[in-house]
Amino acid sequence: SMTTKKILFVLLNKTSGGAEQYLKMVANYFIGNEISIVFLFDSKTNFWTSFERHSKQIEISDRNEMSGILKFAFKTLFSKSKQYDYIFTSHVFVNALLGFLVSTGKIKTKYFVARESTSVYLRFSGLKLFIYKIAYKFGYKKMDLLICQTKLMKNQLLKHFPSIIKRTNVKVIPNPIDLHQIDIISKLNVDKELPYQYIVSAGRLIKEKGYDILIKSFATIKKEHPNLKLVILGEGVLRNDLEELISELELEADIMLLGFVENVFQYFEKARLCVVSSRIEGFPNVLLQMMSQNSNVVSTNCAGGIDQIPGLIVCESNDIKSLESALNQGLNDSNNEMNREIFNKYLNNRSITNFIKTVNTEL
């Protein structure tokens with residue numbers, strides 16, 4: 001129907017990770033409705049500036065995520081209750097927070113659509129896992145739909161938290177991709193001279209992304225491809241470690257850590273090869289972005305369902321030798337024009353419109 005809907009998005013912070021990209025796609029889809037976006041923790045990025053005229057944006061905290069969660073909870077509990085048509089979240093703590101607040105009646109909604117952003121039981125252990133378990137136990141209620149990105153993610157959740165199935169409808173719905181937005185961004189200027197031939201990877205500089213493995217694999221294949229460079233887009237805590245590794249291998253002239261880049265798509269398009277080298281992911285959205293630009297893509301088997309994607313070159317995760325041979329295959333495989341059609345068909349099935357349709361049939 002044409003009546004405007006009231007929609008609430010709650011995010012941990014303003015960064016541009018997978019969960020945030022997903023919520024931004026959904027928010028984009030609903031532009032024209034009454035959108036409120038809450039950030040529990042203020043992180044200075046401009047990933048959300050395009051929404052300033054389309055939405056109310058509320059920032060709760062300036063210290064850290066935990067204080068933001070508490071602040072928002074208190075603020076909600078002590079003000080008059082609010083009513084929405086949809087709530088969208090995509091992070092275990094935020095899902096739990098909203099589940100708790102909806103169960104108090106302070107926030108009312110027709111539909112609460114939560115999404116798991118990672119495979120918690122595969123990725124965490126010890127105290128961290130214990131805190132996640134508490135969040136599940138006390139917060140995962142009143143959800144109308146809990147989206148898992150892959151079968152693997154759903155299976156590990158049901159195995160360790162079987163009672164969730166009595167509380168909510170848990171469904172596997174693969175991540176969407178917004179090809180229209182990608183088209184717009186990919187036309188923006190690139191501010192850098194691109195090397196003549198290069199391999200590209202993109203994501204935060206954290207252990208999960210496996211850049212140490214990629215750099216070591218690159219060191220070997222470089223011997224056969226002397227003009228080849230490696231470009232890594234993204235910023236993060238491991239920058240110093242990676243720079244040390246690069247200088248140990250004497251590859252300072254050949255590996256470029258370009259930091260955060262607004263328009264990754266032109267880097268993807270002009271690369272000889274795009275690579276996802278992750279150890280573990282919920283599902284790497286960047287993989288779909290790479291497939292939209294380039295028909296030569298290598299990925300580790302770092303998430304459920306990757307080995308089912310047609311046209312990809314897939315290798316083991318956390319395995320230097322396996323990544324090496326995948327990179328070699330990609331560099332020597334000139335017959336990937338077929339992939340363009342295969343990739344386009346695959347990505348069109350995962351459009352944001354199809355995604356929202358699927359969500360609405362589950363509600």
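**Reading the cavities**

Modeller: Strand S8 (198-202) and strand S11 (273-276) each give at least two residues to the lining of the second largest cavity, where strands (E, at least two residues) and helices (H or I, at least four) are DSSP runs numbered from the N terminus. This is a predicted model, in which local features need pLDDT of at least 70 and side-chain atom pairs count only at pLDDT 80 or more, while totals for chains, interfaces and linings use all residues. Residues are numbered from 1 along each chain as its sequence is written, and side-chain values use heavy atoms, leaving out hydrogens and water.

Biologist: What is a cavity, and which residues line the second largest cavity?

Modeller: On a 1 Å grid over the protein atoms alone, a cavity is a set of points where a 1.4 Å probe fits but cannot get out, and lining residues have an atom within 4 Å of a point. Here the lining of the second largest cavity includes Ser-201, Ala-202, Val-275 and Val-276.

Biologist: What volume does the largest cavity have, and which helix supplies the largest share of its lining?

Modeller: A volume is the space filled by probe spheres set on the points, with grid points joined across faces, edges and corners. The largest cavity has about 50 Å³, and H1 supplies the largest share of its lining, 3 residues. Strand S1 (6-11) and helix H1 (18-29) each contribute at least two residues to that lining, whose residues include Leu-11, Ala-19 and His-91.

Technical notes: 1 Å grid on protein atoms, 1.4 Å probe; cavity = no way out; pocket = protein on both sides within 12 Å on 5 of 7 lines; lining within 4 Å.
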